[in-house]
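Have a look at the model, then read on.

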Amino acid sequence: MSANENKNRSAALIVGAVGVVFGDIGTSPLYALKETFAGHHPIAVEPASILGVLSLIFWTVMVLVTLKYVAIIMRADNRGEGGSLALLARVTELTRNSRATWFVTMLGIFAAALFYGDSMITPAISVLSAVEGLDVVAPQLKDYVLPITIVVLTGLFWMQRHGTATMGMLFGPVMCLWFVVLAVLGVISIVQAPQVLLALNPVYAAEFLANNPWQSFLALGAIFLSVTGGEALYADMGHFGKFPIRVAWFAFVLPALVLNYYGQGALLLKSPTAIQSPFYLLAPGWALIPMVVLATAATVIASQAVISGAFSVARQAVQLGYLPRMQIVHTSHMEAGQIYVPFTNWTLYLAVIALVLGFQSSSNLAAAYGIAVAGTMLISTILVSFVVLLAWRWNPWFALPLLGVLLLIDAVFFSANALKIGQGGWFALVMGLASFTTLTTWRRGRHLLFKEMGNLTMPLDQFIRSIENASLKQVSSTAVYLTSRPEGAPSALLHNIKHNEVLHARNVLVTVLTAEIPYVVDADRIEIVDLGHSFYRVLVRYGFMEQPDIPQALVTCGTKGLAFDLDKTSFFLSREVVVPKLAPPMMLWRELFFIWMLRNAQSATDFFRIPTNRVVELGTLVEI
């Protein structure tokens, strides 16, 4: 790739990152400051509180986003990929065979589950808060807010099938315009009340906290809204890379956000009654309708950050064994991380529409918003602490105080958001708990299934010896047996011998293994073991961000001395039919849930891209 092409590609990724990654945090000015002063725990709109709140917003953004995510956590990538499960995979490697393994595994799964809860609330509050600008333009339009919001959200989720590359290039220029407008409106207002810049001094934040301890603690739940979306910088890292995200943040997004928040603060210093809508009242009267249109477009983009992150988490969960196989559509030939997951997309859509209809206003949703993000951020700090201390081996005298301060800040914000549980925060927790139950049930069910399958099979060397003298008909072709266990004779092989009394000239046992890294290099992908008597074991390794392709893997085997003619190869798959035991090893409802997921998982034929006309499926009844 030439220097010019590389430069153009970097520029495109930066614009795409602005369009996808920063949509959520970029639209927080629509509601964060307003909810802090006029939300469920209102604060008097007076100079001391205005400067104190602005100072808290600024330093919250600097510490939680700039320091924690951009400077530290984005360095803890798993070979370019980010997100809770990518971080979990890396930490699991560091803590393997230790008492901490179970603890970090549960934390990582719960963080991924909370991210799904956040993915539902973000589109609802973002788009609804923008469309509510119609009420500022003309109060008689209030009845149209909900219908328009639903139409906009429907269009957004319908467009997901075109992929984040298309979405990023479509939304990037719009989001660039959004941040320019944020900055310009902020500067115009700041010029009229420049004393607002005093709030850059952290002393004002400290004084506000000290003079109003309980009130300021309650306010932290709303102030935290200014950093919701910060976790998307890490979750979406695999889509665009570290460099484009960091450049976009420091050169464009961060300055625009600070200028707009301080512009709203300057407006309140001049006119405290503007708290009814400090964002929209920054604009002149003639610009209100264009601002509503632009804000609606920007909040559609805000939703994109968490939706694309949810796709990444879903794919990682499938590959790491936390979710059943499901359809994953690759939407870019250039970026492997750009995907579309139909099931996740439409599940989120139904939940988002239910939220809009149930909560009715962005102010009500703001009460529910934040606790899932705060929980995710707290867990991310705990997990990255293992990386800092065990992988990077930072000096403990420096690392422990830094990590301690970050954990304390996260814990305080989580506590403040926990007060929102009764006001709607329960929804995010319920959705997170439901996701956590799904992930852990599938993981536990697979473990029990594999254990029972192991009991039903026999050692492969024993099986090969048992058929040496058997009078079996020989077929001059190749049989490939897919098995999830890299030891023992596959049940499909046993059933084929038992019922058909046929042995192929060459029998290949293929096991797909998922490594705890995003991508496996081609040199490490295939491992072939000659078992003798025309039996071979093939181990195929993929990263948790890769899509398995068995026919392609078999073609690759030819370079290692085991060539395949796919037209003369039959694929034998075992389809397990699971029934619960009288005394199941996990609760009956969880076992029935696992059985339902197993029945509805995408077929192995489709998931592994095997030609359907070459597949033979053999059923196996398993009790767990």
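## Salt bridges

Start with Arg575, which is partly exposed at 37% relative accessibility. (Buried means under 20% relative accessible area, exposed means over 50%, and partly exposed is in between, using a 1.4 Å probe and protein chains only.) Arg575 forms a salt bridge with Glu617, and their closest N and O atoms are 3.0 Å apart. For a salt bridge, a side-chain nitrogen of Lys or Arg has to be within 4 Å of a carboxyl oxygen of Asp or Glu. This pair links distant parts of the chain, with Glu617 in strand β8 and Arg575 in strand β7, 42 residues apart. (Helices and strands here are DSSP runs numbered from the N terminus: H or I with at least four residues for helices, E with at least two for strands.) Glu617 is partly exposed too, with a relative accessible area of 39%.

How many salt bridges does a search of the whole structure find? It turns up 8. One of them joins Asp77 to Lys242, with the closest N and O atoms 2.8 Å apart. Asp77 sits in the loop between α4 and α5 and Lys242 in helix α14, so the pair ties together parts that are 165 residues apart in sequence. Asp77 is buried at 12% relative accessible area, while Lys242 is partly exposed at 27%. Another salt bridge pairs Asp522 with Arg525, at 3.6 Å between the closest N and O atoms. Here Asp522 is exposed at 57% and Arg525 is buried at 10%.

## How to read the model

This is a predicted model, where local features need pLDDT of at least 70, side-chain atom pairs count only at pLDDT 80 or more, and totals for chains, interfaces and linings use all residues. Residues are numbered from 1 along each chain as its sequence is written, and side-chain values use heavy atoms, with hydrogens and water left out.

## A pocket

(On a 1 Å grid over the protein atoms alone, a pocket is an open set of points with protein on both sides within 12 Å along at least five of seven lines, a cavity is a set where a 1.4 Å probe fits but cannot get out, and lining residues have an atom within 4 Å of a point.) Its lining takes in 22 residues, and Leu323, Met326, Phe343, Thr347 and Thr438 lie nearest the centre. Helix α20 gives the most to this lining, with 5 residues.

Which residues are closest to the centre of the largest cavity? That cavity has a volume of about 160 Å³, and of its 16 lining residues, His40, His41, Leu218, Ala222 and Lys420 are the closest to the centre. Here α11 gives the most to the lining, with 4 residues.

The second largest cavity holds about 90 Å³ of space. Its lining includes Tyr69, Phe115 and Glu231, and α5, α12 and α18 each supply at least two of the lining residues.

Arg393 has a phi near 55°, a positive value in a residue other than glycine. You'll find Arg393 in the loop between α18 and α19, and it is exposed at 64% relative accessible area. Glu501 also has a positive phi, about 50°, although it is not a glycine. Glu501 lies in the loop between α22 and β4.

How values were computed: Points joined across faces, edges and corners; volume = space filled by probe spheres on them.
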